[in-house]
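Visitor: Could you take me through this structure by way of a few questions?
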Amino acid sequence: MAGFFWLIPLIPALSSLVLVLFGSRISRKAISLQACLAVLASFILSFTALAHLVRMPPESARLTKTLLGWISSGAFSAPVTFFFDPLTAVMCLVVSGVGFLIHVYSVGYMAEDRSYARYFGLLNLFTFFMLVLVMASNIVLMFVGWEGVGLCSYLLIGFWFERPAAAKAGLKAFIVNRIGDAGFILGMLFLILKVGSPEFAKINGAAAGGVLGPGLVTLAAVLLFVGAAGKSAQIPLYVWLPDAMEGPTPVSALIHAATMVTAGVYMVARLNGLYSASPAAGTIVAFIGAVTAVFAASMALVQTDIKKVLAYSTISQIGYMFIGCGVGAYAAGIFHLTTHAFFKSLLFLGAGSVIHSLSGEQDIRKMGGLRKHLPRTFPAFLVAALAISGIPFLSGFFSKDAILTSAFAGGHYAVWALGLVGAGLTAFYMFRLVFLTFFGESRLGEEAKRHLHESPGIMTTPLIILAVFSALAGFIGLPAVVGEKADLFGRFLEPVVRAAMAPFPAAVEWNLILVSTAAAVGGLFIAYLFYIRYSLFPGRLAARVPRIYRVLVGKYYVDEFYDAVIVRPAVRGSEFVYAHFDLKVIDGALNGSASAANLAGLGFSRLQTGLIKDYALAFLLGVVLFLGFILFLKI
Amino acid sequence: MAWVIFGFLSLLCAGSVVAMVLSKNQAHNALFLVLSFASLGGIFGLLDAPFVAAAQVIIYAGAIMVLFLFAIMMINLKEGLPPERKRVIYGISAVLGCVLFAELLIVARRAFFHGAEAAPAGGANPAGLGHLLFTDYLYPFELTSLLLVAALVGALTLAGKKGSS
Amino acid sequence: MIPGSAFLVLAIVLFVLGVLAFFLKRDLLTQFMSVEVMLNAGNLAFLALAKASSKAEAQVIVFFILTVAAAEAVVGMAIVLHFFKQRKCIRTEDVSGLKG
């Protein structure tokens, strides 16, 4: 059964193809069944492949299958080869598992939508590309998946394309991604040029073995990270993610929380040989991650749209994953990726449930007191909020802790400090969201109050399943203070990421755990004070520091800056080119050749005067010339 | 002796063609042409082609030119063409005509470069010609008769059209 | 004997005269007649060369040319009559129905 692991990406691909081609003719029930079962099949296959994997000796634990030769020119070859090792196993399970739950949720959420088949077709297609991305054995095939998920993201953000805001958001996402991809392609090309092969094993080996010069390693690593910054929404290419909330909420959950945005993290972890060989690149990665974490968290403090808060939260949390990878704790980064997939998708789906029950309201200023009316959504949402804040014993606590401890242990104190600040902010804004939405006085509009209802079972069941995972998943990655062999997750990934943590005094580690717990609980408590006890305080605080408040609400005016410095000059430039080159040169050439042909035709038609003598003259001229040729040129 | 006849006949032929060019009256033109064809018949005779000579006189001078004259009669032209203007085409055609003349003379010279002067052709008499026509060139012969029928029918159709002025 | 080249030269002269006649005349009938002149010049050339190469085939060709010229004259006359009926004159200078 494990021999069929290469079908993991292909089953959703087939389902997507069927839905795209014949979707309009299949019943909704059949579409739902097919789409969900396709992803479930991938999940089951991933699970069996994992089971097979754990029985293999750790050093050689991988399954490989080449499907076709694809590119082969001279010494360079980039075949379509899927492989399955511990890192891929984790990613596949996350993508297909969480993906399956989100597919099921979507059946309920999108039940009224008229483009049902297109939605599920695109969702399946996305799953296919994401699985290709994580199962690729070489960087070229991974890039195919990379581009594919970017495309699906564009199509799904702009799913309701009749809305101009959605269409613009989709375009923004794609274009910003493209800028990142330019860096990625350059990095990829440098690597292929110097290593001679796109295979990850060869690239990691070449970097670790010192075959590549340190300058090249750093350059390639940084360029690839530019691509990751675009795909995973880090500074400076994060601006598309908040806008991407225009898409359906399950899409936000799947693509912009659990999977696509984590592709950058996966890429860094997969190329850990490269990043480990360049401390400079690692520092850059970690630093950008840390700054992004705090930067995004600060913007989440003042957002009033429930989905936008979660979007900035995602940007911030991915920053944490990059901190982990940047300091060399790749396993910790991937661990946080996994737990984040659980609680962030839960948060988004929960938000979707809230929005659904309020018939479309997304402004948290118009919510409040919902915990009485949403008895299944609320507890799940609360569990996720606790998890993301890093409250002890939930999954987020263990994963965030692993990252911060590694940062401190590696001597990156500035990064650690920023991460700590971010943790506090995270707890604060998360519980701000919870308190404003579910607690307190109801600030609902009349319409919303009348239609208020809990979401159907098909939407709340995935929430509950995800809540269980958000709560318990941490226990597979216990910190070293608990026991040497307690970190099952880290040990599982060790053959791939080869991260050896220096032995660390237990006392320091306990202190660190205490400090980060204090930050989390502190953040929660302050949120309680702000929004439950002294609910008028936030307003007065904002009035006291209006400029700071405005900057935060205005998202530091980054979008406006980009617009002025990059977008408008580009648009003006292309308008100029259009007016002077497109219209004058290209159109001119085409129209010119057409009118030249026209004129030639007119000219020649003047020869046809209709008079016999003129025709006869032409005859005579022809005969004279012909005779001349024969006689004198011997033709 | 033969030269005298040749010279006389050729002068007559060419001269009547020139006269045809110079004359403005269609009937005169036709008559000059008859004279030209008749003298040409004589020249054919000088070329050891008696049958063709006879055919030329009978068919061309006799039948075709009579046809022309009938047409002229039916057309019943009034005189008075407006005076000819000087047109470019006359100049060009004159020049081209001279060039053509020169080129054809060169052709003629090359054709007779070897100065071939053979004896009179073997099957040049009517009997020999008939033999050729009915054996080697039977198909063209039959097809030509078809052509004549077609021309006849065509002319009848064209001439018989009513009310299509 | 008279050399074949002399006949050929005469044929050429007649041909060029026919060409010039076609261009210098403005009425259809005379232009038609000039075409007949050109045909005859061709006949003469054939016969001249037949004598020079002592082949009888040329006379066969001349025979056919003669016949075809007759047929062509018949149809041509019919057309000329139509032409005249339509325009009441046989000037060809302004006939430009085939223009363009």
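Visitor: In what sense do strands β1 and β2 of chain A pair, and over how many bridges?
Guide: The model is a predicted one. In it, β1(A) covers residues 63-73 and β2(A) covers residues 76-84. The sense of their pairing is antiparallel, and the number of bridges is eight.

Visitor: Which residue in the turn between β1(A) and β2(A) has a positive phi?
Guide: The two strands form a hairpin, with two residues between them. A phi of about 65° in the turn belongs to Gly74(A).

Visitor: Are helices α15(A) and α17(A) roughly parallel or roughly antiparallel?
Guide: Helix α15(A) spans residues 330-357 and helix α17(A) spans residues 395-409. Their axes come within 9 Å and cross at roughly 155°. Angles over 145 degrees count as roughly antiparallel, so the relation of α15(A) to α17(A) is roughly antiparallel.

Visitor: How many residues of the contact of α15(A) with α17(A) are charged?
Guide: On the side of α15(A), the contact includes Phe335(A), His336(A), Phe342(A) and Phe343(A). On the side of α17(A), Lys400(A) and Ile403(A) are among the residues that take part. By class, the contact has six nonpolar residues and seven polar ones, and the number of charged residues is one.

Visitor: Which helix of chain B gives the largest share of the side that touches chain C?
Guide: The contact takes 71 residues from chain B and 63 residues from chain C. Helices of chain B that each supply at least two residues to this side include α1 (2-22), α3 (50-75) and α6 (138-159). The largest share is twelve residues, and it comes from α3(B).

Visitor: How many residues on the side of chain B that touches chain C are nonpolar?
Guide: This side of chain B has two charged residues and twelve polar ones. The nonpolar residues number 57.

Visitor: How many residues on the side of chain C that touches chain A are polar?
Guide: This contact takes ten residues from chain C and nine residues from chain A. The side of chain C has five nonpolar residues and one charged residue, and its polar residues number four.

Visitor: What distance separates the centres of domain 1 and domain 2 of chain B?
Guide: The domain assignment gives domain 1 as 1-82 and domain 2 as 84-112, with domain 3 at 125-160. Taken over C-alpha atoms, the centres of domain 1 and domain 2 of chain B are separated by 22 Å.

Note on methods
Residues are numbered from 1 along each chain as its sequence is written. Chains are lettered from A and ligands numbered from 1 in the order in which they are written. This is a predicted model: local features need pLDDT of at least 70, side-chain atom pairs count only at pLDDT 80 or more; totals for chains, interfaces and linings use all residues. Axes are lines fitted to C-alpha atoms, for helices over the stretch in contact, and angles run from 0 to 180 degrees between N-to-C directions. Helices (H or I, at least four residues) and strands (E, at least two) are DSSP runs, numbered from the N terminus. Angles under 35 degrees count as roughly parallel, over 145 as roughly antiparallel, 65 to 115 as roughly perpendicular and the rest as oblique. Two residues are in contact if their C-beta atoms, placed from the backbone, lie within 7 Å. Ala, Val, Leu, Ile, Met, Phe, Trp, Tyr, Cys and Pro count as nonpolar, Asp, Glu, Lys and Arg as charged, and the others, Gly among them, as polar. Two strands pair if DSSP finds at least two bridges between them. Domain bounds come from an automatic or database domain assignment.
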